[in-house]
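Please read the numbered points alongside the coordinates.

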Amino acid sequence: MNFLRGVMGGQAAGPQPSGAETIQKLCDRVASSTLLDDRRDAVRALKSLSKKYRMEVGTQAMDHLINILQTDRSDSEILGYALDTLYNIICNDEEEEQDESEDAVTPIPASGKNKNVSMPDEAAQKQADDLGAQFTEQFVQDPEHVTLLLALLEEFDFHVRWPGVKLLTALLKNQCVQVQGIILVSPMGVSRLMDLLADSREVIRNDGLLLLQQLTKSNAAIQKIVAFENAFERLLDIITEEGSSDGGIVVEDCLLLLVNLLKNNSSNQNFFKEGSYIQRMKPWFEVGDDNSGWSAQKVTNLHLMLQLVRVMVSPVNSPGATASCQKSMYQCGLLQQLCTILMATGVPADILTETINTVSEVIRGSQANQDYFASVNAPSNPPRPAIVVLLMSMVNERQPFVLRCAVLYCFQCFLYKNQKGQGEIVATLLPSTIDANSISAGQLLCGGLFSVDSLSNWCAAVALAHALQDNLTQKEQLLRVQLATSLGKPPVSLLQQCTNILSQGDKITRRGSKVQTRVGLLMLLCTWINNCPIAVTHFLHNQENVPFLTAQISENLGEDERLVQGLCALLLGICIYYNDNSLENYTKEKLKQLIEKRIGKENFVEKLGFITKHELYSRAAQKPQPVFPSPEQMLFDHEFTKLVKELEGVITKAVHKSSEDEKKEEEVKKTLEQHDNIVTQYKELIREQDAQIQELKEQVASISSQNEQMQTTVTQQLAQIQQHKDQYNILKLKLGKENQNQSNSQGDSSQVNGLQTEELTQLREEVEELRKQHTLLQAQLQDKDALINNLRSETAEGSAGGSDNTELLKELEALRSQVKSQSAEINQMTTERQELLRRAEAGSADAVSSSSGGSLDAAKMAEVESRLAAQTTETERLKEEAKSLSESRAELEQQLATATSTVAILQTEQAKLQTEVQESKKEQDDLLMLLADQDQKILSLKQKLKDLGETVDDEDDLDTRDQTDDDFEEDEDED
C-alpha cells in the first residue's frame, strides 16, 4: 500500500521512478497480487496514468486489463477502472478532464456526445490516431475480446455498462468493418446493443445511440437486424419524448441513426413504410405562426428530419418504392405540411432551401402530388400560385444561390413526366391566355431568359426546356409565342429571339459568365427542336442561323468557348437528323455538304465530342438535383446529359453517311414501313383472332360450368334413386320379417284369432238385423202395392180424385227409389258378410296349424331372456369391480406422488448435509493445518530460547510434572 500511495501522489524520498517504470510495477502488481483490493488500486493507478502515458500503458497493460475483465467479473469497480483505462488508450478524441477520486461518484454528463477538441499540432493528432488504430487492432485481433465486451454490457451496474459502451464505440470508430463482422456473428450481439435504448439512465441511452450510429454505418445486414429489433418504434418514441424538432442533441442522434438505417436500404425503407411510420413524421413539421428566434439545435433537427423524408423518396430508389412512399406522404398530409412550411414567413433560409428540395422529390413523377402542388397558393393578397412565387425567387439575382438552385430543382420535379403541367406552363406564354393584370410563370421565365443576369438566363432556359421535355405538342405550341421587342417594331417569335441573343453573344453586357447564357440558350434550342421536324424547319427558315453555327464551329476558340462549339455542333446535327427536307436550301444533303466544305466531318465530330469530355458533364449526369459549388460551374442539366448521350452517336452516323447510303436507307425505311404495315395487319388479324379465341374460351368455360352443374344434378338424382331403392329394400325386408313373425308367434296369432271371433259375432248380429229390416220393408212394399192397386181401381171410377192420384204417384216413386237403394245396401252388406266369413275361416285354420310351433318358440324366448338377464347381472358386477379398482389405483398414485416428493425433499436435505459435512471436514483440515503450523512455530521458538540459554520446559516434562503434583495431592488426602 505504501508503494501505491507513492504512485498515487505521495512524495517519496530519493529519485522518482520514470513513468514507464511505474507502469511496469503497476502491471506486475496487477498480475501477481492475490488480494482484490491491491489489484483494484493498481488498475485505478493505471487509469490515472493512461492519458499521459498512453503508449506505455497500452503496450504494457492491455493484456493484464483484458485478463481483469475475464477473471474479476464479480467486482464492478475494478471492471469499470479497466474499461476506462482501455477506452483512454484506444480513443483518439481528447475529452475534458474529469475530477475523479477514490470515493467520488463518477460525474454524468448531460449528453452522450463527446466533445472533440482539435489538437493544434496535426502531426501529434495523426500520431494519436495511429496509436488508437494500433491498439484497436491489437484488441480485436482476438474476437473473444469483443464478445467479452458484449457480455459485459449485460451488467446493469453503471460503472461497468457506461465505460463498456464508450469503449465499443471507440473500437467501431477505429476498426469499423472488423468489429461489425465480429458483432454480426456473435449470438444476440446486436440485440444486446439494442437493449441500451431501453436503459432508464439517459447517459447510457444517449451513448447507446452513438454506438448504434457507428455500428450501422455502411452495413446493410446489421441495418436490417437493428430495424427488425423494433428500432424504428423506439427511436420515434424517443424523438417524441424529447420534444421532436424542439428537442436537444438526443433528437439529432436519433435522426442520424434513422438516416443510417434507411439510406440505400430498400428492405428497411419498405419496412418503415409498411409499419405506418411515415404517418408519425407529420407532427415533426407542424410549425407555428411565430417562426422567429429558431435555435441552432432546432434548425439542425429539422434539417435532418427533411433529409429523412428525402431518403424515402430519393430518385435513386426503385421507382415502385418511391411512388408508394409519395402516395403515403400525400394521403397522411405530410406533403401538405411541407407546403405550409414552404409558404410560411420567418423560416430560416437553409431550412426553406431544404424544404423546397424535399417537396421537389415528394412530387417528382407523382401525378397526384404534382396536381396538389399546382393548386397550392401563397398567403398573399391577391393569392398567387406557389409555383409563381418560387419562380420569382429563381429569377431574382438577389436571392441566395442555393435557394435558386432548389427552386429550379422543384420546377424540374414538378414537370417531370407531367404533360398536364407542361401544357399549363406553355399555355401561360400563348397569346390567347396571357393576362396583363397578373404575373404568370411564362412571363417570369421569359423575363429571366432575357435578363442581364447570366444565372437567371441559364435557370430560365433550363426550366423552359423541361416544359418541352418529351412533349411534341408543347414544342409545336411554343412556336406560336410572339414577343414584342420594342415599340414600332413587329413582334418576333420566341425561337427567333433566342437565336438573336445567341448570335449577339459578347455584344450584350451581362453580369456573370457570358458562356453560361449561351450554354443555357443552346440547351433550350437543342431540347426544343429535338424530334420535332416542324421546329427544325422554323429554325432553318432564318437564313442567319446556319451560317452562325458553322462559323462558331469552324473557329479556333479558347478553352471556355469549346463547350459552346460542341453545343453548336449538336444543334446543327439535330437539324440534319430531324430534317424533313421541306426547305430546298437546307436539305440533309446540302447541310452535310456545307459541313464538309466549311468545317470538315472529322473536325465536326471532334467538336461534338467536346461536350461529353467537359469536366462538369459527368458531375451533372450523376443525379437530377442541380448541386454546384459556385454559379460559374452551373453549365449542364441532368436531363440534357441524357439527350447528349442519346444523340451523339446517331448524329455522327448521320453526318458520315453519303447520299447513296441515304438513298439505300430510305429504300430500307420504305421496305421496313411496308413490312411494318404488313406486320401491323397481321397483328390486327391476330388481335381479332385472339378476341374470337377468347370469346370461344369464355363460351367453352360457361358450357363446361353448365355441364359440371348438370353432372352434379345427375349425380345427386342417382344418389336419391339409390337411396329410395335402399329404403324400398329395407321396407320389403321389414314386411317379410313381420309376416314371418306373425306366422311364428303364437301369442300374436291367438290375439288375432280373438279379434276375428269378436268381429264375426258382431257381423252376424248385423246380418240378422238387416234381415229383419228386409222383411219389414218387404211387408211395407206389399202394403203399398195393395194400396196402389186399390188406387188404380179407384182412378178408373172417376176423375174427382185426380189431384190426389198425382200426389200418390209421386209418393209411390219415392218409395220405389228408397226400396231400390235399400236393396243395393242389403246386397253390399251381404257381400261383405261373405268376405268376412271367408277370412275368419282362413284365420282359424292358420291358428290351428301354428299352435304346435308356438310352444317351441315361447320356450326359446324364455331361455334367451333368462340368459340375457344373467349377462346383465354379470356386467353390473364387473362395472362395480372396475370402479373400485380405479379408486384404489388413484389412491395408490396419490401415495406414490407423496412418497416421491418426500424422497426429493430427503435427497435435497441429504445433499445439504453432505455439503455441510464436506465444509466441516474442510474446516477441520484447515484447523489441523493451523495447529500444525502453531506447533511448528512453538517448537522453533523453544529451540531459539534454548539456543539463547533460557530454560524451556517441554510439553512432556510439563505433563510429567502435572502428574506428579496430582499424585502428591492424593497422598496428602489419604493421610
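**Charged pairs, cysteines and a surface patch**

1. Asp 237 is partly exposed, with a relative accessible area of 30%. Here buried means under 20% relative accessible area, exposed over 50%, and partly exposed in between (1.4 Å probe, protein chains only). This is a predicted model, in which local features need pLDDT of at least 70 and side-chain atom pairs count only at pLDDT 80 or more, while totals for chains, interfaces and linings use all residues. Residues are numbered from 1 along each chain as its sequence is written, and side-chain values use heavy atoms, with hydrogens and water left out.

2. The partner of Asp 237 in a salt bridge is Arg 280, with the closest N and O atoms 2.8 Å apart. The two belong to distant parts of the chain, 43 residues apart: Arg 280 in the loop between helix 15 (266–274) and helix 16 (296–312), Asp 237 in helix 13 (residues 231–241). Helices are DSSP runs of H or I with at least four residues, numbered from the N terminus. Arg 280 is likewise partly exposed, at 27%.

3. How many salt bridges does the structure hold? The count is 22, a salt bridge being a side-chain nitrogen of Lys or Arg within 4 Å of a carboxyl oxygen of Asp or Glu. Side chains of opposite charge can pair when their charged atoms come close.

4. Arg 310 and Glu 361 form a salt bridge at 3.0 Å, N to O. This pair links helix 16, which holds Arg 310, to helix 19 (residues 349–363), which holds Glu 361, across 51 residues. Arg 310 counts as buried at 13% relative accessibility, and Glu 361 counts as buried at 5%.

5. A salt bridge also joins Arg 518 and Glu 561 (3.0 Å, N to O). Arg 518 lies in helix 28 (residues 514–529) and Glu 561 in helix 31 (residues 559–577), so the pair ties together parts 43 residues apart in sequence. Both residues are buried. Elsewhere, salt bridges that share partners connect Asp 37, Arg 40, Asp 41, Arg 44, Asp 75 and Glu 77 in one network.

6. With a disulfide taken as a pair of cysteine sulfur atoms within 2.5 Å, the count is 0. Cys 91 is buried at 9% relative accessible area, and Cys 532 is buried at 1%.

7. A surface patch of negative charge gathers Glu 916, Glu 919, Glu 923, Asp 925 and Asp 926. Patch residues have over 30% relative accessible area and no salt bridge, with like charges joined within 9 Å. Glu 916 lies in helix 39 (residues 802–947) and is partly exposed at 46%.

Conventions. Patch = residues over 30% accessible without salt bridge, like charges linked within 9 Å, V, L, I, M, F, W, Y side chains within 5 Å. Areas by Shrake-Rupley, 256 points an atom, 1.4 Å probe, with all protein chains shown as cover. Lys, Arg positive; Asp, Glu negative; His and termini not counted. Charge placed at Lys NZ, Arg CZ, Asp CG, Glu CD.
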